[in-house]
Amino acid sequence: MRENMIIVSNHQIAKGIYELTLSGSLVQRMHTPGQFVHVKVGHREPLLRRPLSLCDINEEASECTIIYRAEGAGTMLLSQKQPGESLDVLGPLGNGFPLSALSSGQHALLVGGGIGVPPLYELAKQLVKNGVCVTVVLGFQTKDVVFYEQQFASFGKTYVATADGSYGMKGFVTDVIERHALPFHVLYACGPKPMLKALQQQFPHKELYLSLEERMGCGVGACFACVCHVPNSETAYKKVCSDGPVFRAGEVVL
Amino acid sequence: MNRLAVELPGLSLKNPIMPASGCFGFGREYAKFYDLSVLGAMMIKATTLEARFGNPTPRVAETPSGMLNAIGLQNPGVDYVLAEELPWLAQYDVPIIANVAGSTVEEYVEVAKRISKAPNVHALELNISCPNVKKGGIAFGTVPEVAAELTRAVKEVSDVPVYVKLSPNVTNIVAMAKAIEQAGADGLTMINTLVGMRIDVKTGKPILANGTGGLSGPAIKPIAIRMIYEVSQAVSLPIIGMGGIQSAEDVIEFFYAGASAVAIGTANFIDPYVCPNIIAELPALLDELGFDHISECTGRSWNNGQTVYCGA
């Protein structure tokens, strides 16, 4: 469950966005898109691990790729790590996107927002392998932070929206879906909570799987930091780290 | 000879290492990483009479060498713990210290009465120091008379020894410890978290939804050491020490200050294997320091009648 994985590469792919590839036997345990790893970035500081979602799993090469935004002290420090250095990785953790929700020939709509985009890449890869037709909608704030458009385009029709209109369609992912009346059997999404909420409201009767983000302590379900409410109950809860991060729409209160 | 075995009221420990309450759930998560039977004991998550959801998120924030939490005593309630969690834990050869919390004296008493009857509960830890709940919690842990009254009431109904968890958020921790000793407590556990706060520089708002939270981790270790050093020389109760322990060296430091066992909290979040690793490392460290048995370390730094300069 824990390994000092070796950094194969670590470089910037968009403004403040980094692509990190790690090598190690832990990859053989990574099967499900949407799962995450808990990474100890520094020796003493920062104290806590950082949850980072898996973007690409390459079992054959025993390599996995993570895309992260260098924003806080931990991820800034991570962005300075060099190939050949090792990284203390715990995982894979959490429950990912269910692939069995779709059979060959059916349509999946993958919707990602900002740094929520990465886990959809492995999902798209595995869905396409299963014969599922994939359409992708990616939303970003601005042109500078757009990444992986071409990579997703190799799996299916890919749309990009930016909030400021500097690239792709101006607006939000929900606007793209509405304008193009994109058809789907199942929608998978990962991104900021307002985006997930909007999708849930836009498609109240459809099958949606939403990946949530929450501040975590332990990442394994012991600290109760990342809980969310369950509809119609004062005391029932789900933990984002161990019950999620992927939930079926309606399963938890957004 | 087991060099790590420790005898405390109600507890025959194969080693003095246990996970601290609130940092280990009811053990299910860490049981996926290792066999819980290697632990000296386990302090389970605070249990209240009714189930509690706790505070809104975000509930954690990072600090230099520490973390703030404001979970708010989320737990499934004493009936559920008795029906599901404790029977499940019985498969492991590990004594349980049940952390008891409440909003009123009556609630503490009721939880203590019920949970102390569970066969694998060997001691209670009275949670009078949680800084993250509005009613109960820290209010019980900052006024010596109130803490003493609660200790007495719980002692009366408990089938097992009662340890009281001291709050560091007081002016005079020795006065608190003495009041609790006189009220009949069997031991002390110390320290709980310190009330702290962080503010988001971009928004100007507190990072925690609760506003304030409890600071834990290595940042609070010097405070824990000082308080254990003071209290252990002022009372004759055994102390289970906690507060930022991350290594076997930290454990010895707590023993030197006056602890007879220790609990590991935040470090579990950083390294799920920290407890078994420390247990494995202790014998070699005892060799290096020239001790036959870990108990020889307890109170080694005491002043033995000399002036205590703490807080001067």
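**View 1. Polar contacts where chain A meets chain B.** Across the interface of chain A and chain B, 10 residue pairs turn up in polar contact, both partners at pLDDT 80 or more. Keep in mind for this and every other view that the model is predicted. On the side of chain A that touches chain B, the elements giving two or more residues are β13 (227–229) and β14 (237–239) of chain A. Of these, β13(A) supplies the largest share, with three residues. Sorted by type, the residues on that side of chain A come out as 16 nonpolar, four polar and 11 charged.

**View 2. How much the two chains cover up.** Here 31 residues of chain A are in contact with 33 residues of chain B. Put together, chain A and chain B bury about 2,600 Å², and 64% of that sits on carbon and sulfur atoms. If you want to pick out residues in chain A, go for L47(A), R215(A) and F224(A): they lose the most area to chain B, together 24% of what that side buries.

**View 3. Salt bridges between the chains.** The rule finds three salt bridges across the interface of chain A and chain B. One to zoom in on is K239(A) with E29(B), where the closest N and O atoms are 3.2 Å apart. Another salt bridge links R50(A) and E62(B), with the closest N and O atoms 2.7 Å apart. R50(A) belongs to strand β4 of chain A and E62(B) to strand β5 (residues 60–63) of chain B, so this pair joins two chains.

**View 4. The barrel of chain A.** Six strands of chain A close into a barrel, and the order to trace is β1-β2-β5-β4-β3-β6, with antiparallel pairing. From one strand to the next, the twist averages 45 degrees. Zoom in on strand β2 (residues 17–23) of chain A and you'll see it joined to β5(A) by seven bridges, the two running antiparallel. Within this view, E19(A) stands opposite I67(A) in β5(A).

**View 5. The open sheet of chain A.** Seven strands of chain A make up an open sheet with mixed pairing, in the order β10-β9-β8-β7-β11-β12-β15. At the edges stand β10 (169–170) and β15 (246–248) of chain A; each has a single partner strand, so one side of each is left without a neighbour in the sheet. Three bridges pair β15(A) with strand β12 (residues 207–211) of chain A in the antiparallel sense. Look for Y209(A), which stands opposite R248(A) in β15(A).

View 6. Helix α5 (residues 193–202) of chain A lies across β7, β11 and β12 of chain A, and runs at about 165 degrees to β11(A).

**View 7. Two cis peptide bonds in chain A.** E45(A) and P46(A) are joined by a cis peptide bond, with omega about -10 degrees. P46(A) sits in the loop between β3 (36–40) and β4 (50–58) of chain A. The peptide bond from G244(A) to P245(A) is cis too, and its omega is near 10 degrees. You'll find P245(A) in the loop between β14 and β15 of chain A.

**View 8. Positive phi in chain A.** S62(A) isn't a glycine, yet its phi is positive, near 55 degrees. The residue S62(A) is in the loop between β4 and β5 (63–69) of chain A. Y148(A), also a residue other than glycine, has a positive phi near 65 degrees. Y148(A) is in the loop between β8 and α3 (149–153) of chain A.

**View 9. Around V157(B).** In chain B, V157(B) is part of helix α4 (residues 144–157). Leaving out residues up to four places away in sequence, V157(B) touches V109(B), A112(B), K113(B) and S116(B). The C-alpha atoms of V157(B) and V111(B) are separated by 9.8 Å, with the two residues 46 apart along the chain.

Note on methods:
Residues numbered from 1 in each chain as written. Chains lettered and ligands numbered in written order. Predicted model: local features only at pLDDT ≥ 70, side-chain atom pairs only at ≥ 80, totals over all residues. Heavy atoms only, no water. Pairing = 2+ DSSP bridges. Helix = DSSP H or I, 4+ residues; strand = E, 2+ residues; numbered from the N terminus. Contact = heavy atoms within 4.5 Å. Axes fitted to C-alpha atoms, helices over the stretch in contact; angles between N-to-C directions. Buried area = accessible area lost by both parts, 1.4 Å probe. Salt bridge = Lys/Arg side-chain N within 4 Å of Asp/Glu carboxyl O. Polar contact = N/O pair within 3.5 Å; in protein donor to acceptor, adjacent residues only side chain to side chain. Nonpolar A, V, L, I, M, F, W, Y, C, P; charged D, E, K, R; others polar.
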